[in-house]
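These are my notebook entries on one chain.

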Amino acid sequence: MLRGHTVVHASNNGMQSLVSLLQHPTEPQCSYDPVEGLPIAPDVDPADKIRMLEEQISLLKSQLNESKNFNSRSTSPPRHFVPNHARVGSILSNSSGKSPANSPNDGGNGIILPQASLDMTNNQRYAVDSPESQFRGSTGSPELRQPGGNGLMDMLLSGWDPDLPDHDTLDHYIDVFFRCDPCGSRVLHRPSFLASMRLHPKDPNFPHSAVLHAICASASRWSSHDIVTSPDGTRRDRFAEFHVSKTRSYIDKTMATGQDIFPVMQACILLSWYFYQEGRWVEVWIFAGFQTRVAVPLRLNYPGTFSSHGANSPGAYLAPPRDFKELECRRRTWWMTIMFDRIVSVGGWLHGVDERDIGTELPLRCYDFENDTNIPSNPQDLSTKDLFTRHPPAYTDSFLLFLKSVMLFGRVTDYSTRSNLRSNSVPTKHQNPFHLPGFEELDAVVSSGFLESFPPNWRHLGVTDDGGAMDTDLYMAHIVPHAATITLHNPFLNFNDSQNVSTARCVNATRSILAAYYRLSETSLDITRLHPFVTICWYLAAVVQIQLCKYFIEIGDTSRESTVWGEINVLRFAMLNYGTKSPVGTRQEKLLQGLMTEIVRMTSQMQPLEVGVPLYPFSHATLFSKDGSGVVQQDPIDTPLPDGRRFEELPTSPTSLGGLASTPLSSQSIPSPMVQQTHAAVGGVSGWNTHISPPNVRLPHNPLYSHPHSSYPPH
């Protein structure tokens, strides 16, 4: 019995052990093999982890509440709030897959901050990549500065747009933008803009992120080192492309919602000029149409940029301007929109807004705008009868003259497009255009009246006597009317008719554009700082010279043909030189080569594209100076000019080069970096009385020089 009892007891213990083995534990007991490079997470109780996260969230909430009470108008965010290697957008995107919270720069209107499409490495690079960056090592690569404290926390609290460079780098790009950009910088009020950059990023008066991104893209032309240029002239700037994409994200959002429409429209203007300088014509045309259509519902085309009519109808209409500065900002935004529309339409396209629908008065002088002089509005608008021949001193400066010249060019475009639209035949060179309705009146203003009406202190090209500074707006105001003259008369150009007035007009205009370029080339000034529209003016002048060259080839005048080849190559090199910073120059030169195919095939010149090719990309005056004064100490010789045997004096002489220089060109010595004697470019055909004598020049000669662009591509 005892033995049996013992067996039963043992059997019961075994069953209990078996049952205990079959029961599941309260939590799985897992072990993993170690993986190289993967740290093993500490054994933390989930409840403790949740409690720790709740405490962090509570701390964040308390700090955010404190920041709301921060006096944002009196201080700017500490610099360590913007670590130049931190990119919150990427971090948040990686952790949650969602966009970060609305940027404080959107004014609370619901624009979601666009996410960076580039990886963290690129963002780190863009945050510090500038010519004056203090974060570069000896190898030239960026050195990332480690921020003190929690960088992510600081950036969240500061409200800084994580896709912008750090504050110091952004200030540098803004400074470069206002100093170098000849286009979009005219829209912004520089003093107040710079002051607003000192505000806290959460302040409603802090500049909109779209404008800041557009400024970065524009300024990168003169600052960025991350540029790759392909053999065909295509320029790729990764820094600029990043900020272009950010600006476009804000524009797309505004197109869908209408929010923040005015600052985003200003950013659109800045971006449009960037596209123009890049020669990206499809985007240029699309943005030109977008801007004009956006400006109309804003009532910017009304006097005072405001109209009470229809203010209660649906739409994002602006309230009346609050003060003088806001009124002038709206005016300039409108006129830069119209100027862009006129410039992109010079090829013969219809304008986005008709002149008859523009009631906005012209803007004020830049001095009055920047200094808040609060003077009365400009008495002139497009309906003023003597708009192009009367320039009130209190309302005239170089920018206003440039604006008027572009609007005058716009009238030439209107005349050409409307005449061709309703005409059954194409204009021919045997036709007398002065018999056409309205042509003679328009010609009188374009070819002479406008330039001759310039006030005395504006009759120079804007280049200082010592060649150390240049007013780009005034320079353009002098050459744009000549480009308009060529556009107006080119359909009627006929070199076989010595009495053809259109031929004289085009030749005179071409000489004037060339003479203006020679005046600039004798200095050390950087032509890439000119307005990009200058490349179109050079192109139009070259078109006339190509036709003249063909005429000389046909009559067998090799001497004058060689001279004109030098003039064409001068303009080609000017475009290529400009294209080193702005691809629009390279693109226009390639377009010009297409027009040159026939004369290259016809010419007897051995190397026509090397005739008169510039030897040095800087001033001949400073290079060959004997005494350091910039004046060549050699006896000048007269450049050979074509004789006038084929042509007779015209009964109707075109105007002289009004106000090009204070002394006659015949008495000026214009040294220039040319290989051969090419300054006969101011000559052309001496039979036309243009009152311009050729300059006296002595030029260096290097027969071994071979220009990299001398090989002509097959077509």
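**Entry 1. Overall make-up**

I began with burial: of the 715 residues of the chain, 52% count as buried, where buried means under 20% relative accessible area, exposed over 50% and partly exposed in between, with a 1.4 Å probe and protein chains only. I note that this is a predicted model, in which local features need pLDDT of at least 70 and side-chain atom pairs count only at pLDDT 80 or more, while totals for chains, interfaces and linings use all residues. Residues are numbered from 1 along each chain as its sequence is written, and side-chain values use heavy atoms, with hydrogens and water left out.

I then looked up the secondary structure, which comes to 22 helices and four strands. Both are DSSP runs numbered from the N terminus: helices are H or I with at least four residues, strands are E with at least two.

The chain exposes about 33,200 Å², and carbon and sulfur atoms supply 54% of that area. Accessible areas come from the Shrake-Rupley method with a 1.4 Å probe; for residues, only the protein chains shown count as cover.

Residues 24 or more positions apart account for 75% of them.

**Entry 2. The nonpolar core**

In soluble globular proteins, nonpolar side chains tend to be buried together. I therefore looked for a nonpolar core, that is, a set of buried Ala, Val, Leu, Ile, Met, Phe, Trp, Tyr and Cys residues joined through side-chain atoms within 4.5 Å. The largest one has 144 residues, and Tyr475, Phe533 and Trp538 have the most contacts inside it. Helix 18 (residues 534-555) gives the most to this core, with 16 residues.

Which residues does Tyr475 touch, leaving aside its neighbours within four places in sequence? I found Leu461, Val463, Met470, Ala516, Tyr517, Leu520, Leu530 and Val534.

**Entry 3. Aromatic pairs**

A pair of aromatic rings is described by the distance of the centres and the angle of the planes. Rings of Phe, Tyr and Trp (its six-membered ring) pair if their centres lie within 6.5 Å; planes under 30 degrees apart count as stacked, over 60 as edge-to-face and the rest as tilted. My search of the whole structure finds 22 such pairs.

I examined Tyr276 and Phe340: their ring centres are 6.3 Å apart and their planes stand at 70°, so the pair is edge-to-face. Tyr276 lies in helix 10 (residues 261-278) and Phe340 in helix 12 (residues 324-344), so the pair ties together parts that are 64 residues apart in sequence. Both Tyr276 and Phe340 are buried. Ring pairs also link Trp273, Tyr276, Trp281 and Phe340 into a cluster.

I compared this with Tyr551 and Phe552, whose ring centres are 5.7 Å apart with planes at 55°, so the pair is tilted. Tyr551 is buried at 3% relative accessible area, and Phe552 is buried at 0%.

I turned to Thr396, which is found in the loop between helix 13 (366-371) and helix 14 (398-421). Thr396 has a relative accessible area of 5%, so it is buried.

What does the side chain of Thr396 reach at 3.4 Å? It reaches the backbone oxygen of His391. Leaving aside neighbours within four places in sequence, Thr396 is in contact with Arg365, His391, Leu401, Pro455 and Trp458.

Thr413 is in helix 14 and is buried at 3% relative accessibility. Thr413 and Gly347 are 66 residues apart in sequence, with their C-alpha atoms 7.8 Å apart.

Asp414 is in helix 14 and counts as buried at 11% relative accessibility. Its side chain makes a polar contact with the side chain of His351 at 2.9 Å. A polar contact is a pair of N or O atoms within 3.5 Å; within protein, one must be able to donate a hydrogen and the other to accept it, and residues adjacent in sequence count only if both atoms are side-chain atoms.

**Entry 4. Positive phi**

Most residues other than glycine have a negative phi, and most peptide bonds are trans. I noted that Asp260, not a glycine, has a positive phi of about 55°. Asp260 is found in the loop between helix 9 (238-257) and helix 10, and is buried at 13% relative accessibility.

Thr305 also has a positive phi of about 55°. Thr305 is found in the loop between helix 11 (281-295) and helix 12, and is buried at 0% relative accessibility.

Notes
Contact means heavy atoms within 4.5 Å.
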